[in-house]
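This briefing walks through selected parts of the structure shown below. Topics are grouped, and each point stands alone.

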Amino acid sequence: MNKPEDLLRSDAARRLLDGYQPPPGVEDEMLRDDGTLRPIWASMLRHLAQQSPEVLAQRFARGEQYLHDTGVYFRQYTKDGSTERDWPLSHVPVLIHDTEWQGLADGLRQRADLLEQVMADLYGEGRLVRDGLLPAELVARNPEWLRPMVGVKPRSGHHLHFLAFEVGRSPDGSWMVLGDRAQAPSGSGFALENRVATGRTFPELFAESNVHRLAGFFRQFRDALNGLRGDGEGRVGILTPGQHVDTYYEHAYIARYLGFLLLEAGELAVDRGRLTVRTINGAVPLDVLWRRLDSNSADPLELDEASAIGTPGLVSALRSGGLCMVNALGSGVMETRAFLAFLPRIAERLLDAPLALPNIATWWCGQQKERAYVLDHLDRMLIGPAYSTGLPFDSESPTVLGGQFRRNSEQPVRDWIAQDGRNLVGQEAVTLSTTPAMIDGKLQPRPMVLRVFAARTPEGWAIMPGGYARIGRTIEPTALAMQAGGSVADVWVMSDEPVQAETLHPASDAAFSRKFPVLLPARSADNLYWLGRYVERSETAVRLLRAYHRRLEAYGPDALPLTDRIAAHLETFGLDVDEPLPAGLLALLEQSRGCASKVRDRFSTDGWNALADLAATARRMRGSVEPGADAVQVMGILLRKIAGYSGLVHENMFRFDGWRFLTIGRALERADQTAALLTAFADPDAPEGGFDLAVELGDSVMTHRRRYTVETNRATVIDLLALDADNPRSVFFQVNIVKDEEDKLARNRGAARSSPVARQVLPLWTALSVAEPADLSTARLVDIRSELSAISDALTARYLS
Amino acid sequence: MLYDIRLTLAYDYASPAEASRTLLRILPRDLDRQEVLEGVVTADPPASWRQEGTDFFGNHTVEMTHEFSLTQLSFTFTGRVRRDETDAGLDLSTTLAELATEIEAIDSIGADSPHHFLAPSPRVPHEPEIAAFARACLKPDMTTLAAAQAVAAALHERFEFDPTATDATTAPIVAFRNRRGVCQDMSHVMIAALREIGIPAGYVSGFLRTVPPKGQERLEGADAMHAWVRCWCGHEMGWIEIDPTNDMLAGADHVTVAFGRDYSDVAPARGSLRTAGAHVSGHGVDVVPVD
């Protein structure tokens with residue numbers, strides 16, 4: 001079955017394609033109008049047909065497993081809030097030949113240049129309006145045209161550096177632009193993940209299909225951003241609104257992938273016209289900011305005054321050329337839907353050439369002639385908001401399709417357009433091409449839109465070869481949006497010749513060089529510090545719960561005073577022993593996960609997964625745990641998972657400054673928890689069995705037996721758990737870690753004298769190193785806890801704020 | 001008229017504020033009818049850094065930072081300003097019916113273009129109730145100026161001047177429904193009303209003469225920074241300023257500081273002040289005629 005016709009006639013292909021019927025008048029990516037197969041799809045279809053449905057299902061599961069393991073998600077918004085959902089991958093990629101792709105890419109390069117010129121004019125001379133090429137109203141009423149940015153010259157000489165275009169295929173097979181993305185286009189990182197997942201689904205096919213690689217595009221853009229650093233000294237950062245937005249995963253992913261700092265507004269400050277980031281070693285200048293938040297939120301002083309995610313003075317810094325912003329603030333205006341009506345004429349004027357790639361035909365209803373045209377052709381029109389930045393099919397606002405209201409209103413369409421025309425556009429109700437999606441074991445045609453990314457480089461616009469297509473949930477083009485259940489597919493741009501394998505790294509024969517020292521923002525350090533503390537606190541809580549339920553199991557409730565004492569101690573954590581797996585423990589685990597989620601750009605995927613798995617396990621078991629033996633077993637499982645996580649993090653993580661904060665957090669918490677245990681259970685008045693319990697909680701039963709010839713008593717317990725230099729569970733051991741790690745931090749900072757933190761640590765360290773067990777009364781242990789707390793405060797003041 | 005003017009904005013902090021950045025718009029503009037002969041903006045304690053500039057609408061801005069811990073902070077403008085009487089003259093404004101056509105013909109997005117002043121702006125959203133109120137003020141074949149004055153008169157009638165009823169963040173619709181407020185509220189409501197009937201309208205911040213000429217009543221709003229409205233009345237007449245709080249055209253007693261679409265464009269002090277739990281402890285104006 002070498003010829004495509006034979007392939008289509010094979011039983012397996014017929015089974016796959018049973019019911020595959022693109023709607024009439026629609027172009028299909030795989031099949032021609034006459035039902036024959038486009039050659040580029042032959043190997044894909046053959047590959048799909050050769051696999052049994054079970055094997056295919058397994059392979060798809062492999063792709064999904066990859067995304068799941070990597071932690072790719074998107075955030076779905078419902079009326080009850082938002083939730084993290086698995087990334088909706090449509091497994092069958094869209095296939096495009098690179099000859100065709102080149103034409104598309106050239107058209108988009110021209111369009112990117114045009115957008116730059118229009119943007120420069122809107123924030124510069126305003127000639128397009130003066131010459132009647134763009135209605136003044138569409139600029140002046142535009143919420144994305146930001147007056148404070150007018151007249152601000154971008155330091156790099158360009159406003160736009162990273163763009164995306166929504167592109168669809170018309171019924172005649174040609175491409176057209178449906179919308180421009182210029183604010184802060186998202187999806188390029190997801191494209192990388194789509195690619196890896198799809199590569200895992202079709203490993204052999206991918207290897208032999210000559211698919212253009214994506215990494216080269218990112219390397220070019222990374223180098224371009226590094227090149228924008230003025231003196232080569234400053235840093236490049238990615239500015240994210242924070243983890244509450246649906247694209248946060250991507251921001252963290254891109255930051256990690258490209259090696260840039262991931263930053264939130266709260267850690268930035270403007271200092272005399274320069275942007276700085278708070279790091280553990282003080283404020284450090286930033287030179288280039290790749291902005292992933294909307295312009296209006298970026299500066300509460302000059303833009304949206306209500307923004308809580310902005311940096312006061314940012315606009316002022318841009319005005320004085322203190323940094324390069326990618327893209328310039330105010331670039332959202334280029335997404336305005338009504339502009340599509342004017343760009344063709346503007347292109348003729350500014351480029352002296354027609355648009356190589358048309359955009360969707362658009363008429364602004366604020367003009368009489370255009371409004372009349374729209375009214376005369378209502379049955380072929382989509383009517384929607386003129387200032388919307390969404391796609392014609394994605395709109396949340398009332399939209400008319402073919403003269404019918406889709407939702408929300410009784411008002412006749414004609415009245416609506418007559419009254420509110422200036423706020424409306426009509427757009428030709430185009431049909432999108434369909435592409436095969438695998439649904440219930442069969443291929444089904446689904447509408448498709450490509451998102452194509454463009455990055456400015458010194459050599460011109462680089463176009464990412466493929467990677468990202470959105471696929472409708474149903475055959476209706478209105479179901480494209482992910483929020484409406486749409487999915488995303490990889491796009492393979494395929495060549496007849498073998499393609500060059502690309503990676504992010506320079507060629508291996510290039511001269512070896514170390515990158516400049518890694519900066520640690522204070523906010524990241526703070527989250528790592530608290531991550532260390534929360535996980536350790538969770539571990540102590542789990543150990544206490546296990547000890548409690550062991551005694552419950554052996555002696556029954558209310559039999560031992562010690563059991564009550566454990567319950568009381570658990571209460572100091574906010575844990576209620578009436579619940580076998582208390583809500584407070586879930587909260588501790590969630591806090592741990594919360595800290596980790598804020599440092600995902602510098603945290604290993606394995607560590608993150610182990611932590612997520614720990615929290616998920618606890619959540620899952622919560623409903624079914626019984627007090628006593630069952631709870632003991634569950635706590636055992638959780639302890640093993642915590643140990644697994646700690647092993648991954650503490651064994652495998654590079655000893656950079658971030659690791660030190662994680663370690664200091666854990667050490668301070670453990671020292672404090674151990675001191676707390678000793679005050680509660682090694683007190684002379686503690687209930688019987690307290691000494692043994694302390695040793696059990698300190699995981700030191702074996703050591704005690706080997707070390708001392710006597711039964712547990714206060715002296716041996718204090719010696720082992722407070723003063724022993726070799727027991728990793730002892731207070732002294734942990735204080736020693738704090739001392740050593742902080743010393744390294746201070747030296748990295750280049751401090752000549754001992755740091756304020758060391759001045760807190762050293763007295764305690766000295767006292768513990770010379771103390772005898774009898775010196776550590778319960779009162780002294782309480783003091784030690786306050787000293788530990790003072791160390792934490794000093795550390796926070798010195799490095800974390 | 002020549003005026004000696006002094007404005008002080010003072011803030012107290014409940015807990016010491018670490019560092020702050022402030023954007024001030026308190027230095028009056030130079031205009032055809034108005035000249036700033038002397039003018040200086042200062043801070044107490046003195047700023048760590050300052051930079052002067054001009055915003056989109058041509059207003060003077062002063063940026064300041066205080067890079068040390070503060071418990072009190074004040075900003076002062078002192079200066080001498082010449083303000084000529086503006087002659088209201090004849091009503092040469094376009095009829096309301098023809099205004100839209102005149103606006104459409106303007107191919108400009110410059111600071112004075114009426115196009116900026118028609119759409120809802122951050123502090124002046126679209127409000128159907130205010131729209132209905134505005135339409136009820138209209139009579140057939142009205143000129144733009146007559147319409148704007150009718151709206152100002154109706155608002156003046158409706159509102160009771162009451163500094164305790166609102167604050168700087170009160171939404172226009174709230175003040176409109178309560179029928180109480182200060183110059184800022186009345187100006188915002190008037191701007192909303194004029195835009196609803198197609199008249200480009202913007203916000204003017206400024207000062208009012210504190211002590212009235214002999215035999216005249218003291219105007220409302222002279223104790224603090226004042227606000228009024230400017231509206232575009234067609235090619236022939238251009239921008240006309242109306243003070244709804246005192247139901248009058250702005251005249252020799254009105255000294256202009258800044259123009260904008262609404263308060264958010266011209267707020268005298270915008271800054272990280274608010275987040276630090278600051279409260280305004282003093283806001284005083286003296287506008288004294290120089291003999």
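Five strands of chain B make an open sheet in the order S12-S11-S10-S9-S13, and the pairing is antiparallel. Strand S12 (248-249) and strand S13 (254-260) of chain B are at the edges; each has a single partner strand, so one side of each is left without a neighbour in the sheet. The model is predicted. The points below take this sheet further, then turn to the rest of chain B and to parts of chain A.

- Strand S9 (residues 201-208) and strand S10 (residues 226-232) of chain B run antiparallel and are joined by six bridges.
- Within this pairing, Tyr203(B) has Val229(B) of S10(B) opposite.
- Helix H5 (residues 183-196) of chain B packs on the sheet. The helix touches S9 and S10 of chain B. The direction of H5 makes about 15 degrees with that of S10(B).

**The four-strand sheet of chain B**

- A further open sheet in chain B has four strands, ordered S4-S5-S2-S14, with antiparallel pairing.
- Which strands stand at the edges? They are strand S4 (49-54) and S14 of chain B. Each has a single partner strand, so one side of each is left without a neighbour in the sheet.
- From one strand to the next, the twist averages 20 degrees.
- Five bridges hold the antiparallel pair of S2(B) and strand S5 (residues 60-66) of chain B.
- Thr22(B) has Met64(B) as its bridge partner in S5(B).

**Chain B overall**

- Chain B has six helices and 15 strands.
- The radius of gyration of chain B is 19 Å. A compact globule of 291 residues would have a value near 19 Å, so the two agree.
- Along the principal axes, the C-alpha atoms of chain B fill a box of roughly 60 × 45 × 40 Å.
- Of the 291 residues in chain B, 46% are buried.
- Take the contacts in chain B with a separation of 6 or more: 75% of them join residues 24 or more positions apart.

**Where chain B meets chain A**

- The contact between the chains draws 20 residues from chain B and 19 residues from chain A.
- Strand S2 (20-24) and strand S14 (269-271) of chain B each supply at least two residues of the chain B side. Both strands also belong to the four-strand sheet.
- The chain B side holds seven nonpolar, eight polar and five charged residues.

**Strand S16 of chain A**

- Is strand S16 (residues 424-428) of chain A mostly covered or mostly exposed? S16(A) is mostly covered, with four of its five residues buried.
- Strand S12 (residues 362-364) of chain A runs antiparallel to S16(A), joined by three bridges.
- Trp363(A) has Gly426(A) as its bridge partner in S16(A).
- Strand S13 (residues 381-385) of chain A is also antiparallel to S16(A), with five bridges between them.
- Met381(A) has Glu428(A) as its bridge partner in S16(A).

**Val757 of chain A**

- Val757(A) sits in helix H26 (residues 756-770) of chain A.
- Why does Val757(A) count as buried? Because 25 other C-beta atoms lie within 10 Å, and the cut-off for buried is 20 or more.
- Neighbours within four places in sequence aside, Val757(A) is in contact with Glu742(A), Ile791(A), Ala794(A), Leu795(A) and Arg798(A).
- Val757(A) and Ala112(A) are 645 residues apart in sequence. In space they are 53 Å apart, C-alpha to C-alpha.

Notes: Residues are numbered from 1 along each chain as its sequence is written. Chains are lettered from A and ligands numbered from 1 in the order in which they are written. This is a predicted model: local features need pLDDT of at least 70, side-chain atom pairs count only at pLDDT 80 or more; totals for chains, interfaces and linings use all residues. The radius of gyration is taken over C-alpha atoms; the globule rule is 2.2 Å times the number of residues to the power 0.38. A residue is buried if 20 or more other C-beta atoms lie within 10 Å of its own, exposed if 12 or fewer, and partly exposed in between; C-beta atoms are placed from the backbone. Two residues are in contact if their C-beta atoms, placed from the backbone, lie within 7 Å. Ala, Val, Leu, Ile, Met, Phe, Trp, Tyr, Cys and Pro count as nonpolar, Asp, Glu, Lys and Arg as charged, and the others, Gly among them, as polar. Two strands pair if DSSP finds at least two bridges between them. Axes are lines fitted to C-alpha atoms, for helices over the stretch in contact, and angles run from 0 to 180 degrees between N-to-C directions.
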